[in-house]
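The sequence and structure are shown first.

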Amino acid sequence: MLLDENSFLEIGNRIENTGKGISLKQKVPYDGVITGYGYINGEKIFIYAQDFTVLGGTLGENHGKKIVNLMKLALKECKPVIGILDSGGARIQEGVCSLFQYGQVFKYNVKASGKIPQISIIVGSCAGGAVYSPALTDFIFIVDKIGKMFLTGAEVTNKTLGTNYSNATYGNSEFISKKAGVAHFRYENEEKCYLDVRRFVSFLSSKNTEDNSGEDFRLKKWDFNLPGSPRQVYDIKLLINQIVDQETFIEVKKEFAMNVVTGFALINGTKMGIIANQPFVSAGILDCDASDKIAEFVRFCDSFNIPVVTFVDTPGFMPGETEESKGIIRHGAKIVFAYSESTVLKITIIIRKAYGGAYIAMGSKGLGTDYVFAWENAEVAVMGAEEAVSILYKNEIDSLNGEDREELIRDKVSEYQRCLVDVENAAKEGIVDAVIKPKETAEYIYKCLVQRDGGGTDFFKHTLNPM
């Protein structure tokens, strides 16, 4: 279902278990993991699949060696690796040898990180070490009902801590995707999952789905309008789909940290990564989970030379004790680090408002973004005018009552808006490169993409010497 028909070539099909440890003197076929390579739409892919029917898919010494050997080959040939995981973790019967080999797998996950794409497909209950390897890969696909991920199973947890977790919900696909934010994609069955993995691999590995670099930009009819009030919400996905080529947007981690949106798309056939605040959820504010989601995505795009386009509409970082205690400072800094260190082409569009530290973090000019554009009537400031006035003129406001008080507030808000919030001020300072009409957005993005590199973005930009 996953690879092109009749394209799979198995490697190491005669390798059995080592026979070390207790109760394992009998030979175990292929030591519980199938390894080899095949093709997805003509693209060579290295792949391994754990077999739960063989000792619960547990990782023994040779099982781990087969996976490591596969990853070495993938690194040498600069090709993606896909793992189909269904494993009880380290093989207890082989003791420390299995733990050592897990360490080797983790080591090569890290060696491959940023050099070749690594995809994990969770189609069984993965426990212990079996969850750390996929967590080190770039993207995790999980299938409902059969896919589970947990560090320690419910039975052991309940016995150790005296809890009463249910095996039915413990580490299930919904929990892993929505709450834990570990899985990037979730599917109702294996068929849909494998179909999307095929589509995803083809999208990432191709230079362009269409070669339109020599053509003029194909302007689409503009069918999106912001709400009349700046306090009204809207769905940023409607805007994204208005701008990108039809049916090309692939959202990543769509069930986690939904106050931001991340994903891949094409614009006039040219590939890009997209990051956007989502006003429809918590006004698009940034919190700890959103920060992690953005930083992870920026760093992947940078590793594989995929331009990053950021759509900004945020009132700031989430205030309050809850987020502060979770480490919003620490998590928020990850966004700043990711944007600042990245060398890939970065384009930012300020849609409506960009305030405070969140303005800086969301791909601002100060962090090294190549092009920053803003829509007409966008606001760029330390904070909103009303909040700023309540701080700057507190004593004056408190000294008045009634209509006089309201008139002072209106005058000061208008003055602050004109002098410090209006996007024209940022444009005059060169912090915004141009103030544009909404319907011009797609054309501006496309021109920046093709003028930078001639219309193409190579997926594998590295010259490797991984060993």
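Asn 305 is partly exposed, its relative accessible area being 27%, where partly exposed is the range between buried (under 20% relative accessible area) and exposed (over 50%), computed with a 1.4 Å probe and protein chains only. The residue sits in the loop that connects helix H8 (288-303) to strand E13 (308-314), helices being DSSP runs of H or I with at least four residues and strands runs of E with at least two, both numbered from the N terminus. Although Asn 305 is not a glycine, its phi is positive, at about 60°. Most residues other than glycine have a negative phi.

Asn 41 likewise has a positive phi, near 50°, without being a glycine. It belongs to the loop between strand E2 (33-40) and strand E3 (43-50), and with a relative accessible area of 51% Asn 41 is exposed.

## Basis of the model

This is a predicted model, in which local features need pLDDT of at least 70 and side-chain atom pairs count only at pLDDT 80 or more, whereas totals for chains, interfaces and linings use all residues. Residues are numbered from 1 along each chain as its sequence is written, and side-chain values use heavy atoms, with hydrogens and water left out.

## Cysteines

How many disulfides does the rule give? The count comes to 0 disulfides, a disulfide being defined as a pair of cysteine sulfur atoms within 2.5 Å. In general terms, such a bond is a covalent one between the sulfur atoms of two cysteines.

For Cys 78, the closest cysteine sulfur is that of Cys 301, and the separation of 17 Å is too far for a bond. For Cys 126, the closest cysteine sulfur belongs to Cys 193, and at 12 Å this pair is also too far apart for a bond. Cys 78 counts as buried at 15% relative accessibility, and Cys 126 is buried with a relative accessible area of 0%.

Arg 186 is part of strand E9 (residues 185-187) and is partly exposed, with a relative accessible area of 25%. Leaving aside residues up to four places away in sequence, Arg 186 touches Ile 142, Asp 144, Ser 173, Glu 174, Ser 177, Lys 178 and Glu 255, contact meaning heavy atoms within 4.5 Å.

Gly 357 lies in helix H11 (residues 356-361) and is partly exposed, at a relative accessible area of 38%; its C-alpha atom is separated by 17 Å from that of Asp 422, a residue 65 positions away along the chain. Tyr 393 occupies the loop between helix H12 (385-392) and helix H13 (394-398), and it touches Lys 412 and Glu 415 when residues up to four places away in sequence are not counted. Between the C-alpha atoms of Tyr 393 and Asp 31, which are 362 residues apart along the chain, the separation is 73 Å.

## Overall dimensions and surface

The protein has 16 helices and 17 strands, and its C-alpha trace spans about 90 × 60 × 35 Å along the principal axes. A compact globule of 467 residues would have a radius of gyration near 23 Å, and the 25 Å of the protein agrees with this; the radius is taken over C-alpha atoms, and the globule rule is 2.2 Å times the number of residues to the power 0.38.

Of the 467 residues, 53% count as buried. Among contacts with a separation of 6 or more, 73% involve residues 24 or more positions apart. The protein exposes about 21,500 Å², of which carbon and sulfur atoms supply 52%, by the Shrake-Rupley method with a 1.4 Å probe.
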